[in-house]
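Trainee: I have a structure open and want to go through its side-chain contacts. Can we start with the charged pairs?
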Amino acid sequence: MQEPDAWKQADEFFKQAIQVRSVSVEEAREFLSKGVTLSQASGYEAGIAQGFTVEGFIFETAGNFQEALLAFQTSYDLYAACPPPYDRLTQKTATQLAKIYANLGDYAKGLNYLYDELRKAEALADISSMGNISNSVSIIYQRMGNHEQAGIYARRCLEFSRQLNDDRLTGISQINMGNVFGQTKDWDSAITHWEVALSVFEKMEDRELVASTQGNLGIAYKNIGQFEIAEKMLLDCLA
């Protein structure tokens, strides 16, 4: 479906709001207001829902988790009421809701949102969504300290990434597997997964993910006494 130009412009305003939110809340809210106004005027239902998502990000960045939670919940409900394919955007909002609930210590509510989205994805045989949601579930279990469940869902994400031959999902799943092993101090296994992730992100030329992975590896190599490699990784991640 060809989206009207007004919808594309609204999306651009929302994107700009997210980009500047850490620098200027006032400027972010100006872009947000323009996007919402344009969405309302053009009948862009998903744009109105996206406006609440952006508002949630602004509140989250400011550390106002209760207000962020309300904004993301409103966005989730509005997306759910949208016609296809926009109704599937509940997945991204569910990930944010899970993160906020985890920040507030209510892991069960966060997981419920993710499990609902996982069931939807399974019903549609949407492997990409199943992989991304499994990754999010694993992260929540890591925060809970439940290494067994974290590992199960991290491995599921890795399996889905291999089915899709998706570099981004492969790299993210390898990072997550490494994180699970890192939490249990199994540094050799963590390094194995993070080295694979680093190779993937270098191939993608994603400098941010390369740097964060080098940081992980620097810490891991230091913990096993490989100080020269650790120093190189840590210096590279700051370059």
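Mentor: First the criterion: a salt bridge is a side-chain nitrogen of Lys or Arg within 4 Å of a carboxyl oxygen of Asp or Glu. Keep in mind that this is a predicted model. By that rule, Lys203 and Asp167 form a salt bridge, with 3.4 Å from N to O.

Trainee: Which helices hold Lys203 and Asp167?
Mentor: Lys203 is in helix H10 and Asp167 in helix H9, so the pair ties together parts 36 residues apart in sequence.

Trainee: Are those two buried, partly exposed or exposed?
Mentor: Lys203 counts as exposed, at 60% relative accessibility. Asp167 is partly exposed, with a relative accessible area of 28%.

Trainee: How many salt bridges does the count come to?
Mentor: Nine. One of them joins Lys99 and Glu60, whose closest N and O atoms are 3.2 Å apart. That pair links distant parts of the chain, with Lys99 in helix H5 and Glu60 in helix H3, 39 residues apart.

Trainee: And is Glu60 buried or exposed?
Mentor: Buried: the cut-off is under 20% relative accessible area, and Glu60 has 12% relative accessibility.

Trainee: What about Asp106, which residue does its side chain meet?
Mentor: Lys109, in a salt bridge of 4.0 Å from N to O. Asp106 is partly exposed at 27% relative accessibility, and Lys109 is partly exposed at 44%.

Trainee: Changing topic: how many aromatic pairs are there?
Mentor: The structure holds nine aromatic pairs. In one of them, Trp7 and Tyr86 have ring centres 6.4 Å apart and planes at 70°, so the pair is edge-to-face.

Trainee: Where do Trp7 and Tyr86 lie?
Mentor: Trp7 lies in helix H1 (residues 5-20), while Tyr86 is in the loop between helix H4 (65-80) and H5, so the pair ties together parts that are 79 residues apart in sequence. Trp7 is buried, with a relative accessible area of 13%, and Tyr86 counts as buried at 11%.

Trainee: Why is the pair of Tyr44 and Tyr86 called edge-to-face?
Mentor: Because the planes of those two rings are at 75°, with the centres 6.5 Å apart, and planes over 60 degrees apart count as edge-to-face. Tyr44 sits in the loop between helix H2 (25-42) and helix H3 (45-61), 42 residues from Tyr86. Ring pairs link Trp7, Tyr44 and Tyr86 into a cluster.

Trainee: Which ring does Arg29 lie over?
Mentor: The ring of Phe59: Arg29 lies over its face, at 5.1 Å from the ring centre.

Trainee: Now the nonpolar side: how many residues are in the largest core?
Mentor: The largest nonpolar core has 19 residues, and those with the most contacts inside it are Val137 and Tyr141. Helices H5, H6, H7, H8 and H9 each supply at least two of its residues.

Trainee: Leaving aside its sequence neighbours within four places, what is Val137 in contact with?
Mentor: With Leu111, Leu114, Tyr115 and Tyr153, on that basis. There is also a second, separate core of 17 residues, which includes Ala10, Phe14, Ala49 and Cys82.

Trainee: Last one, His193: buried or exposed?
Mentor: At 15% relative accessibility, His193 counts as buried. His193 is found in helix H10 (residues 187-204), and a polar contact of 2.7 Å joins its side chain to that of Gln174. Beyond neighbours within four places in sequence, the contacts of His193 are Gln174, Met177, Gly178 and Phe181.

Methods
Residues are numbered from 1 along each chain as its sequence is written. This is a predicted model: local features need pLDDT of at least 70, side-chain atom pairs count only at pLDDT 80 or more; totals for chains, interfaces and linings use all residues. Side-chain values use heavy atoms; hydrogens and water are left out. A nonpolar core is a set of buried Ala, Val, Leu, Ile, Met, Phe, Trp, Tyr and Cys residues joined through side-chain atoms within 4.5 Å. Buried means under 20% relative accessible area, exposed over 50%, partly exposed in between (1.4 Å probe, protein chains only). Helices (H or I, at least four residues) and strands (E, at least two) are DSSP runs, numbered from the N terminus. Contact means heavy atoms within 4.5 Å. A polar contact is a pair of N or O atoms within 3.5 Å; within protein, one must be able to donate a hydrogen and the other to accept it, and residues adjacent in sequence count only if both atoms are side-chain atoms. Rings of Phe, Tyr and Trp (its six-membered ring) pair if their centres lie within 6.5 Å; planes under 30 degrees apart count as stacked, over 60 as edge-to-face and the rest as tilted. A charge sits over a ring if NZ of Lys or CZ of Arg is within 6 Å of the ring centre and within 35 degrees of the ring normal.
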